[in-house]
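Here's a quick tour of a two-chain model, written for someone who likes the cut-offs spelled out. Have a look at the structure first, then read on.

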Amino acid sequence: MNISLKLIQKYVDLPSDLTYEQIAYDLTMRTVEVEDIIRTSDKFHDIVVGEIKELRPHPNADALRICMVDVGEDDLKQIVCGGSNLTEGHKVCVSKPGAEVVWHGEGEPVLIKESKLRGEKSYGMICGATEVYLADIYPPKDEREIVDFTELGVECEVGQCVAEVAGLDDVVLEIDNKSLSNRPDLWGHYGVARELAAIYKVPLKELSDKLPEGLPAYEVQIDEPERCPRYTATLIENVYVKESPAWMKTLITNCGLRPINALVDITNYVMVAVGQPSHAFDSHHVEGNKIIVRNAKPGEKLVLLDDKELDLNEHTLMICDSVEPMGLAGIKGGKKDSILPETTSVLLEVADFTAPGIRRTEREFDEKTDSGMRYEKGVDTQRVALGVSLSIDLFREIYPECRITAFTDCYPISTEKAVIDITQEFLDRRLGEVLPQSEIEDILLRLGYEVEFDGETYHCKAPTWRSTGDVSIHDDILGDIARLIGYEYFKKQPLKVNFEHSVNQVKADLARKLREYLAFRCGFNEIFTYPWIDERFIKAAKIDLEKSVRLATPPAPELVYLRSSLIPGMLEAIDKNYRYFDEFSIFEAAQVFEKGEYSPSSEEEVLPVHRNLLAGAIAGKDAKKLFFMVKGVIEGLAGYCHCEPLDFVQKEKPSWADEKVWLNIRSGKKVIGSIGLVSVSALAESGIKMISAAAFELDTDGLTPYPSRTNEFKSLPQYPLVEQDLSLLVDEVITWEQIREAIKFMVKELRFVEEYRGKQIPAGKKSVMLSIKIGNDDSTMTSKQIDKKMAGIIKVLSKKCNAELR
Amino acid sequence: MLDKLEQIRAEGFDRISGAPDREKLEMIRKELTGKKSSLQEVLKSLGGLDPDMRKSVGMKANEVKNLFAEKIRQKEEELIAKASVVEGEIDLTLPGIEVSGGALHPITQMCYDLNDAFRSLGFEIYSEDDISSEKFAFDNLNFAADHPARASMDTYWLEGTENKSGNERLCLRPHLTGGSVRYLIEHGAPARFVYPGRVYRNETTDARHERAFFQYEALIVDRDVSFSSGRVMIETILEKVFGRKVNVRMREGFFPFTEPGYEIDMECLLCGGKGCKACNHAGWIEVMPGGVIHPNVLRAAGLDPDEWTGFYTNIGLDRLVMMRYGVDDVRLFHSADLRFLKQFK
């Protein structure tokens, strides 16, 4: 919302030494956020009033003339101009060198320089309204017309800045609408003026709320008083469509609205001035000379100005004449009753509509208007009188010949002042310091509260303009006091430290250890993907869509499913990155969802099942190596992250994994995840070419963290161990696991070195190299003992694994 | 004979001095003092000399032998001192071998920095699940029944629940605040905890707007806390995160779940508060909404608002990280693009 400081100054005399920046700062700190300060005169620099002293034809161009212009400097300036209405002795709008104008009213502003036009010197430019941002205020009748202040009857001085002449020398504060959403009283200048008066402790001018008296009634019937607590109808005759006076057009423009015609502009002016929306109907179109405020009947329709047709329903509150609906109450008028060039009398509606109904209708028909935006915040019924009074004043000023011939104030329900008690004790405790009674009372009075203090409690009545929901509990009053004093003035009070409870959260710690292990120890990069995932990758991973949870309004049609696994996201990430990197490792820790029942906080709330998963992938060329890299990551995980150990089984193949190369991860007896190579089809369907990937996924809730670091200390060997390498020839079917199991109790240490298949190895066999360490607990091994031990080991390997030495 | 020894010594010294490396020196040592050396020959021939001569020649020969040993030791030391492990030329400007390391996501890094800061102040870390209900995301938090955020224009409702209400209408959580009531229901008061996480809004995305983004919320509930403590807490946390004092200011703000509510602005770190493009020439950046817990929220958590109070602080993590590194497009955070992520060590 835009706030004109010119209009504000009609309501409050601000201290003269106050800068605009200070006003913006104080409003931001105490009331609403000022996003920008706009000086509306900025763009009018070097655009001044000039008087055409002499006019003569251009020797080389029929359409151009040469003007000698007085711009308030020592000499006359020669300006070449093609304007259609150039008149000697008239005051016009001149852009001097350095000014920026919009050429023919289109495009970016252009810098004016001294130049020559068809061989004749031209000092600057005599401008049309569109060229100098004045089209709304002085609408041109034809394209070549220049702004002629004399013709327009505008008082001005030669050399005066045009911004000042047009009243555009204002300062406008741009306010963030979001910060206003709880303050219905601030949606007009008067409300903001009241805040400023309270902040600077200066008086606020009173507004008239006088209603017309002694006039015949206009028939108004309210069927839904809960939704329309007050409706005034004023019949104003002997008016016609004309332009508003320049001051009004300027103000409306500065407030971000467009001037239309005086009848409409008056309603907009009232709205920005006091925050009270109103609407002018062409009274000749109100059939039966009667207004009925009622809900629409099924089947009724309303045609809007842009010919859009709305299908109304029984929840839509309408302003109707005796025959049919004329407008969406509080939001928008229809086509039928709108102001037309031939309008000669208007029925002015100044009414109150309650917020919930307005919001509902706005939502239902997707109609957001300046009027609706105000009603949806909750406008008090008392404000209607300010609106009526100001409207009538404006009509009388702009249409001195108008006649007000009928008036009705239908007022079934009035906004009650909210009555709230707040104790001194509560204030002292929450504010953290004791404020004198006089200061509290002063602040509240300035904001419009009525206050009585009985020594313990302030009995407060909130003003009606804050009583439509904004102020309802003592905390609201506390907030008003705190913000007006200024949050920055309160003493800083550090929090008390509590030494009693150690924060010990092994689960949270484990989650962090897992990520740090993968990133810092294993060289993985952490990624984030969205919870909604492209169906293509879910299908590529062959994940059952039946169990997946779906979004009602997904970001895109293919993103309707919420993830039940992190693997599709891994596929997507591999697809995004494999063009740039030959080998890379990524991981993600996130929640996934599945249909089911889960109640974390209350029995009544049943959510889908959530699982906390951790997934990772290594992409590269050598598939087999990738698999063992991932396997190594999982094997090291429990030790480095300090949780109960993991092992592998082959129980259930994950849907995304290769036929042969996969394992399930187990913690204790429970399968908590899987590792494997990503299947050929999953890669192909994801569009991943020329690269393989190994992946893992596990449920981190299945890990059991230790309460602290639990590495076990083993005494160092007292006698040296003997290291021996063995190269075995075994059948292909013999696994490392079998070899390990066969001799693990005979050795101190056992390490796999490599596996080999090649020319020297017979078909159906493989060579396995391992390294073992043996030793005695109580002495150094003699060479005899070593030979004996090795012979024993080889014998066992031969017997259990059919292995022979190479 | 003595002259010959002197000649052997002189020649030997020359050869030792000229030895280019330890290998050659070893060869020279063998040649000068080994069994076949001329010195040995002299010693062997001692028997044929007269006793006087034998004595003086023997002494001289031994002296030469000792001199050789000493000279060789010196030469060896000299060679060791001059020796390099590497033979031949080496280009020291070649790059080092890269440390192969991964990294945490920059958002996670910031989150952990904040965790460390809050943990040091005795806060617990809590996390709510991603899917919540209208009851916890809106009703409990004092959002008006027709608050626009409840519409599907703003919130991602789950299919099949979008037309229900309260406990039965489910969504991807639109903010973290619902988690505060869950925690308080579970643990009661007093409490001080943080609950970082990702939230979801149905928005049109651009360089500054995302559908999924990260927040970091902290809540303190206690008997007597003044809201000015909130500002002290934030100053402490920011000082810890950015490694220096960061000025903050607290101003009026409004949120359904607070009364009073406030906005906490942080001095723009890029311009030091002078005003620059990043802060829209304001010198301040709005980073943290917060406020005193609304009594209705305390009631929803089963706490008596006359007894308990406290305050929220919500930090927009994406924005803070963008500020920390000068990232210009919020969408990069969910891009999974390693060219981006590998920049954050």
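## Helices, sheets and chains

Helix 5 of chain B and helix 8 of chain B cross in the right-handed sense (a crossing is right-handed if the near helix is turned clockwise from the far one by less than a right angle, and left-handed if anticlockwise). On the helix 5 side of chain B, the contact uses B:Asp113, B:Leu114, B:Ala117 and B:Phe118, and on the helix 8 side of chain B it uses B:Ile237, B:Lys240 and B:Val241. Contact here means that the C-beta atoms, placed from the backbone, lie within 7 Å. By class, that contact has five nonpolar, no polar and two charged residues. The classes go like this: Ala, Val, Leu, Ile, Met, Phe, Trp, Tyr, Cys and Pro are nonpolar, Asp, Glu, Lys and Arg are charged, and the others, Gly among them, are polar.

Before going further: this is a predicted model, where local features need pLDDT of at least 70, side-chain atom pairs count only at pLDDT 80 or more, and totals for chains, interfaces and linings use all residues. Residues are numbered from 1 along each chain as its sequence is written, while chains are lettered from A and ligands numbered from 1 in the order in which they are written.

Helices are DSSP runs of H or I with at least four residues, strands are E runs of at least two, and both are numbered from the N terminus. Axes are lines fitted to C-alpha atoms, for helices over the stretch in contact, and angles run from 0 to 180 degrees between N-to-C directions.

| Helix pair (chain B) | Angle | Axis distance |
|---|---|---|
| Helix 5 (residues 106–120) and helix 8 (residues 228–242) | about 130° | 9 Å |
| Helix 2 (residues 22–33) and helix 4 (residues 51–82) | about 180° | 11 Å |

Helix 5 and helix 8 of chain B are therefore oblique to each other, whereas helix 2 and helix 4 of chain B are therefore roughly antiparallel. The cut-offs are under 35 degrees for roughly parallel, over 145 for roughly antiparallel, 65 to 115 for roughly perpendicular, and oblique for the rest. In the second pair, B:Arg22, B:Leu25, B:Arg29, B:Leu32 and B:Thr33 of helix 2 of chain B meet helix 4 of chain B through residues including B:Phe68, B:Ile72 and B:Leu79. That contact of helix 2 with helix 4 of chain B has five nonpolar, one polar and five charged residues.

Over in chain A, five strands make an open antiparallel sheet in the order 5-4-3-6-11. Strand 5 (77–81) and strand 11 (125–126) of chain A are its edges, each pairing on one side only. Strands pair if DSSP finds at least two bridges between them, and strand 6 (residues 91–95) of chain A is joined to strand 11 of chain A by two, antiparallel. A:Ser95 sits opposite A:Met125 of strand 11 of chain A.

Another open antiparallel sheet of chain A has three strands in the order 24-26-25. Its neighbouring strands are turned by 20° against each other on average, direction ignored. Strand 25 of chain A runs antiparallel to strand 26 (residues 457–461) of chain A, with four bridges joining them. A:Val451 has A:Cys460 as its bridge partner in strand 26 of chain A. Helix 12 (residues 437–446) of chain A lies across strand 25 and strand 26 of chain A, at about 160° to strand 25 of chain A.

How many residues of chain A are in contact with chain B? There are 72, and they are in contact with 63 residues of chain B.

Notes. Two residues are in contact if their C-beta atoms, placed from the backbone, lie within 7 Å.
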